[in-house]
Amino acid sequence: MNKLHLLHEVEKLYCVENLSPEMIAEKLNISRRTVFNWKKKYKWDNHIVRIKDFSKQFVGDIYNVGTKLLMKLNDDIDNNKILNKHSICALENIIKIINKKEKEQTKNLDNILHKKKPAKFLSPEVIEKINSEILGWSGTV
């Protein structure tokens, strides 16, 4: 079956949602090799960079707007002017966006720093097999 109808979905999952090729392959029931081939052919790693750059720029722009809005509200307070409800509401929303982004970044950093790899243990049966077949030992040690 032709998988090209999934191309844009795969690209979105890789470039926007940051899923690994393995996760995408499993999710869409296609081969991992197909995802890697498309990734290379269409240079999706370049798309990721642009999306991340845009995201950083957007957060910076939101922060700058929030700063200007806060300065304007401070000036209005200092000059005994009536505060604009829309400006206050906009500032509240900007603070929520910045706060949410900071929490996401902290969570991502925590996940990276505290990512635990599953411990790999040999079962007693495997140890016994190694002892007997490879090392030539019989019985338990």
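**A lysine and its neighbours**

Let's begin with Lys39. Set aside the residues within four places of Lys39 in sequence, and its contacts are Tyr14, Trp44 and Asp45. Keep in mind that this is a predicted model.

Where does Lys39 sit? Lys39 is part of helix H3, which covers residues 32–41. Is Lys39 buried or exposed? The relative accessibility of Lys39 is 19%, and buried means under 20%, so Lys39 counts as buried. Its side chain also has a polar partner. That partner is the side chain of Asp45, at 3.3 Å.

Now the rest of H3. Thr34, Val35, Trp38 and Lys39 are the buried residues to look at in this helix. Look down the axis of H3. The buried residues fall within an arc of 135 degrees, so they line one face of the helix. Turn to the other side of H3. There, Lys40 and Lys41 are exposed. So what about Lys43? Lys43 follows H3, and its phi is positive, near 55 degrees.

Next, the rings. How many aromatic pairs does the structure hold? There are 2.

Take Tyr14 and Trp44. Their ring centres are 6.1 Å apart, and their planes meet at 35 degrees. Planes under 30 degrees apart would count as stacked, and over 60 as edge-to-face. The angle here is 35 degrees, so this pair is tilted. The pair also links distant parts of the chain. Tyr14 is in helix H1, residues 7–15. Trp44 is in helix H4, residues 44–78.

Now Tyr42 and Trp44. Here the ring centres are 6.5 Å apart. The planes are at 20 degrees, so this pair is stacked.

How accessible are Tyr42 and Trp44? Tyr42 has a relative accessible area of 31%, so Tyr42 is partly exposed. Trp44 has a relative accessibility of 1%, so Trp44 counts as buried.

Tyr14, Tyr42 and Trp44 make up one aromatic cluster. Then go back to our lysine.

Note on methods. Residues are numbered from 1 along each chain as its sequence is written. This is a predicted model: local features need pLDDT of at least 70, side-chain atom pairs count only at pLDDT 80 or more; totals for chains, interfaces and linings use all residues. Side-chain values use heavy atoms; hydrogens and water are left out. Rings of Phe, Tyr and Trp (its six-membered ring) pair if their centres lie within 6.5 Å; planes under 30 degrees apart count as stacked, over 60 as edge-to-face and the rest as tilted. Helices (H or I, at least four residues) and strands (E, at least two) are DSSP runs, numbered from the N terminus. Buried means under 20% relative accessible area, exposed over 50%, partly exposed in between (1.4 Å probe, protein chains only). A polar contact is a pair of N or O atoms within 3.5 Å; within protein, one must be able to donate a hydrogen and the other to accept it, and residues adjacent in sequence count only if both atoms are side-chain atoms. Contact means heavy atoms within 4.5 Å. The arc is that of the directions from the helix axis to the C-beta atoms.
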